[in-house]
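Subject: Structure handover

Hello,

Here is the structure you are taking over. Please keep it open while you read the notes under it.

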Amino acid sequence: MGPTPPPPPARPPAPPRDPAAEAIGRLTRRAFLVGGVAAAAGLGGWAWLRTRGAAGGVPWPLRQVHRVNEWAGRGLYSGGRLAPEFDPARAGEPMVNGNHGRPAAADPAGWTLTVTQPGVGPRTFRQAETASLPRVEMTTELKCIEGWSQVVTWSGVRLADFVAAHGLGRRPDGTLYDYVALETADGAYYVGLDAPSALHPQTLLCDAMNGAPLTVAHGAPLRVVLTVKYGIKNIKWPTALRFQDELPADYWAERGYDWYSGL
Ligand SMILES: Nc1nc2c(c(=O)[nH]1)N[C@H]1C(S)=C(S)[C@@H](COP(=O)(O)O)O[C@H]1N2
Ligand SMILES: [Mo]
């Protein structure tokens with residue numbers, strides 16, 4: 001008889017059960033799995049996402065998030081709550097921020113605002129026609145989403161008064177369209193507003209800042225100023241205003257900011 005073969009090596013003892021280590025193991029595997037799926041999706045996912053169509057220029061998976069913000073924002077300002085007004089002595093000039101859509105030359109006489117809505121042909125207004133409405137002055141805070149703010153005294157006319165004076169913004173059944181889209185002449189800057197924000201009593205078509213005519217840098221001949229939104233929605237040099245039920249395209253929403261941008 002030959003030598004007996006050595007016994008097979010004993011299996012190493014099972015490590016003591018460690019629930020925490022097991023949980024980490026599971027999480028790591030899951031993270032790996034999720035990462036793998038995300039990476040795989042990354043190869044074709046973005047193109048897929050882009051072809052899904054966009055509402056207001058926002059790819060649809062992001063829209064859900066904005067819905068939540070919109071809901072929160074609506075709650076805050078429901079009932080037309082007014083933003084605080086300040087002592088005009090505190091007013092100053094805000095930094096000039098954003099030149100998208102700035103016209104090459106100021107042309108107050110030639111400037112027009114063209115308003116459209118479903119089923120109604122475009123209606124074009126000159127600055128003088130907007131200026132004939134009751135004047136409103138307010139000293140409010142302009143808040144830029146980049147982190148600065150400035151108290152400014154604005155004056156002009158309420159967008160709501162302008163809309164009402166010309167019988168605009170309503171469906172044939174008398175209810176308001178959901179949204180207002182505003183755009184500069186060259187189409188370089190455009191914002192979308194929900195109708196309640198656009199027609200809020202502190203939403204103005206402004207032609208003056210801190211007691212002086214608006215300068216071109218700040219939006220002359222006419223700009224929109226509203227207190228219920230960040231600065232990004234305060235469009236300078238708008239020449240087109242559209243009432244619609246579709247979520248309007250929005251320059252900064254397309255670049256990752258919240259569509260609603262409510263305060
Ligand atoms: N047409 C147009 N309007 C615009 C912008 C722009 O780039 N183009 N920038 C916005 C931003 S981000 C801010 S904070 C305010 C700043 O207004 P102001 O330049 O009068 O201070 O304008 C808003 N309106
Ligand atoms: Mo801004």
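The notes below cover the ligand site and then the salt bridges.

This is a predicted model, in which local features need pLDDT of at least 70, side-chain atom pairs count only at pLDDT 80 or more, and totals for chains, interfaces and linings use all residues. Residues are numbered from 1 along each chain as its sequence is written, chains are lettered from A and ligands numbered from 1 in the order written, and side-chain values use heavy atoms, without hydrogens and water.

Ligand site

Ligand 1 is surrounded by 20 residues, where a residue counts if one of its heavy atoms lies within 4 Å of the molecule. The closest are Met95, His100, His218, Arg223 and Lys236.

- Asn97: a backbone N or O atom lies 2.8 Å from an oxygen atom of the ligand.
- His100: a backbone N or O atom lies 2.8 Å from a nitrogen atom of the ligand.
- Lys236: a polar side-chain atom lies 2.6 Å from an oxygen atom of the ligand.

On its own, ligand 1 has 530 Å² of accessible area (Shrake-Rupley method, 1.4 Å probe), and the protein covers 98% of that.

Salt bridges

Across the whole structure there are eight salt bridges, each a side-chain nitrogen of Lys or Arg within 4 Å of a carboxyl oxygen of Asp or Glu. One of them joins Arg242 to Glu183, with the closest N and O atoms 3.8 Å apart. Another links Lys143 and Glu141 at 4.0 Å, N to O.

Regards

Technical notes
Polar contact = N/O pair within 3.5 Å; in protein donor to acceptor, adjacent residues only side chain to side chain.
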